[in-house]
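The following report concerns the structure shown below.

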Amino acid sequence: MKEAQEFVWMGAIPLQIHLHESEVTTVPPPPPALILAPRIGYLPLLLPLIKPYFSSTLPPGVDTVWFEYKGLPLKWYIPTGVLFDLLCAEPERPWNLTIHFRGYPSHLLIPCEGEDSVKWNFINSLKEADYIINGNCKNVMHMSQSDQLELWNSVVNANLEAFIRSSSKLKSGTIEDDYASKISWMVLGKVPVRLYVWNVSEDFGDMEDAPPIDSWDRISYVNRPLEIHREGKCFTLHDAIKTLLPELFGKKRKPSEGENDEQSFGSEEETKNNRMTEEGEGNISQPLETGSTADDDPEIKLLRIQGIEPKLETPISWVANHLRHPENFLHVCVYIKVPSAKSL
Amino acid sequence: MNESAWDGTLSASEFSASAQAFAEKWKLNNPAYPPWTWVKSLEVPIFATNQVEEGYLSLENVCIVKSNDDEVASCVEGEASLYDKEDEESTDSATLSGNDNVQPYYFDFHIIYSASFRVPVLYFRAYCSDGRSLGLNEIESVLPANSAKVLLESKWTFITQEEHPYLNRPWCKLHPCGSSDWMKLLFQAVEKVDRPAMELYLVSWFSVVGPVIGLGIPIQMLKEP
């Protein structure tokens, strides 16, 4: 568990941040800022690192910072790694973002008043996850202000040791199951999940050809707890996606039978380890079929969590316990292609 | 855990059924107001869901007036007409009490089910006659004085600005965290039942939430025929 957590916490995205041309008042324009952003962090938290690059060139006025990628204003409360996994079909290194200090698009983005807004949002998500897992927010509500602050600071600094110390006071459970004992695959409980679904209507073979996302209306955001209650069978990642998107995968099909075979499980471990060492470098081998013979079923073109593409047969309990974010949500980016026959 | 003890929450399908019941009662008992409509939420756009009908309740263009003496009247006599944003000369203070300092605001309300908390959540936004959106502070000043006080002091109800779950725009939200607690109390204390008829859930819920945002409900709605 520790290794996977370390992997997640050390994950970072190299950013190349350009000041928007309308806000450049000096000639020549300032060079872009090169920042390594923690995956589990949030863009507004990078401001202290970024501002020095541009402060001497900004027009007069009050700063209201926002980020944009290819014209799309970025939602600041989505973790940086998730934004990257979602918006860059073909991972772009460094990731070129534009920063604005003026002209906040308040008709599109909720306001962000610096670190406090991000912290507030984080704590609320933590409460929400607590409620989902335990049926109440007591764990979080009973944390003292200073403990909450300590927890938050560990996230800001991407400091896993400090986080582990702080969150021991939180007592948020792991998703229970008997996976470790390999006696049975019974998994019970609710998993906090945030699913970002991009329906790609055109077919494309190569991620480079994926059309850019020009509006958040093209992404479906599903914030729905995943309920697991399958005895005797392994509830896989694939099952999870199908459960969360009944509109697409619901009626005709039964979720796949899990592989109870220890051997196949062993080999999966290796594959996972291999994938873990290459951050997001994995190519899309072939489109991951939903296993149906029908041509008109939706096809999962890509599924990314923390920059990796876990095999769909992976037990969801493993995925949830190892790849979750500090606020205990599992953020999953999925590109789905639905044949035109099904669309309205 | 005691299975018979109700925890104050409801399921998604119970919410859908309760919403329908609520909308019908509202229409019957609140003729001065526009009706609540059910909007189907297309979770994955361009795909219709034919499973549990997911959606939310919507009431838009409700005119709320704050007069000088801090009283808030909503959708007063005269037309309960929908404010047409393109039409600058629509219903305004002219039809209301002849107080010159009356400033009408228009509210949109959405009651949306939260799958995480298993309770309804009220989302709303407000704008002026000229179409300009109101910020959070302005909205708080428009609300009834009582509720402004309630908001400041209560740990159960407070308003935050968050993204609408489906519309990708900033809306105001009445925080759901304590909803299940006070719903449970409400039913135990007032209704003296351990578990309510779920169809009535929204009516009861709204009897608490509505006044916070200046929308009362007539007593008749609370009485079950």
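## Helix packing and a buried site

In this predicted model, helices α1(A) and α7(A) are oblique to each other, a class left for angles that are not under 35 degrees (roughly parallel), over 145 (roughly antiparallel) or 65 to 115 (roughly perpendicular). The contact, meaning heavy atoms within 4.5 Å, is made by A:Lys2, A:Gln5, A:Glu6 and A:Trp9 of α1(A) together with A:Leu160, A:Glu161, A:Phe163 and A:Ile164 of α7(A). By class, 4 of these residues are nonpolar, 1 is polar and 3 are charged. Here Ala, Val, Leu, Ile, Met, Phe, Trp, Tyr, Cys and Pro count as nonpolar, Asp, Glu, Lys and Arg as charged, and the others, Gly among them, as polar.

In chain B, helices α1(B) and α5(B) are roughly perpendicular to each other. On the α1(B) side the contact involves B:Phe15, B:Ser18, B:Ala19, B:Phe22, B:Lys25 and B:Trp26, and on the α5(B) side B:Tyr201, B:Leu202, B:Val203 and B:Phe206. These residues divide into 8 nonpolar, 1 polar and 1 charged. The table gives the geometry of both pairs, with axes fitted to C-alpha atoms over the stretch in contact and angles running from 0 to 180 degrees between N-to-C directions.

| Helix pair | Residues | Angle | Axis distance |
|---|---|---|---|
| α1(A) and α7(A) | 2–10 and 160–167 of chain A | about 120° | 10 Å |
| α1(B) and α5(B) | 12–29 and 201–212 of chain B | about 65° | 7 Å |

UniProt, in an unreviewed entry, places a "transmembrane region" at residues 200–219 of chain B; such annotations may be inferred rather than shown by experiment. The span is 65% helix and 0% strand, and its end C-alpha atoms lie 14 Å apart.

B:Glu162 belongs to strand β6 (residues 159–163) of chain B. Helices (H or I, at least four residues) and strands (E, at least two) are DSSP runs numbered from the N terminus. B:Glu162 has a relative accessible area of 15% and is therefore buried, the term for values under 20%, with exposed over 50% and partly exposed in between (1.4 Å probe, protein chains only). Not counting residues up to four places away in sequence, B:Glu162 touches A:Ile110, A:Trp120, B:Arg169, B:Pro170, B:Trp171, B:Lys173 and B:His175. The side chains of B:Glu162 and B:Lys173 are joined by a polar contact of 3.1 Å. A polar contact is a pair of N or O atoms within 3.5 Å; within protein, one must be able to donate a hydrogen and the other to accept it, and residues adjacent in sequence count only if both atoms are side-chain atoms.

Chain A contains 11 helices and 11 strands. Of its 344 residues, 53% count as buried.

Residues are numbered from 1 along each chain as its sequence is written, and chains are lettered from A and ligands numbered from 1 in the order in which they are written. Local features need pLDDT of at least 70 and side-chain atom pairs count only at pLDDT 80 or more, while totals for chains, interfaces and linings use all residues; side-chain values use heavy atoms, with hydrogens and water left out.
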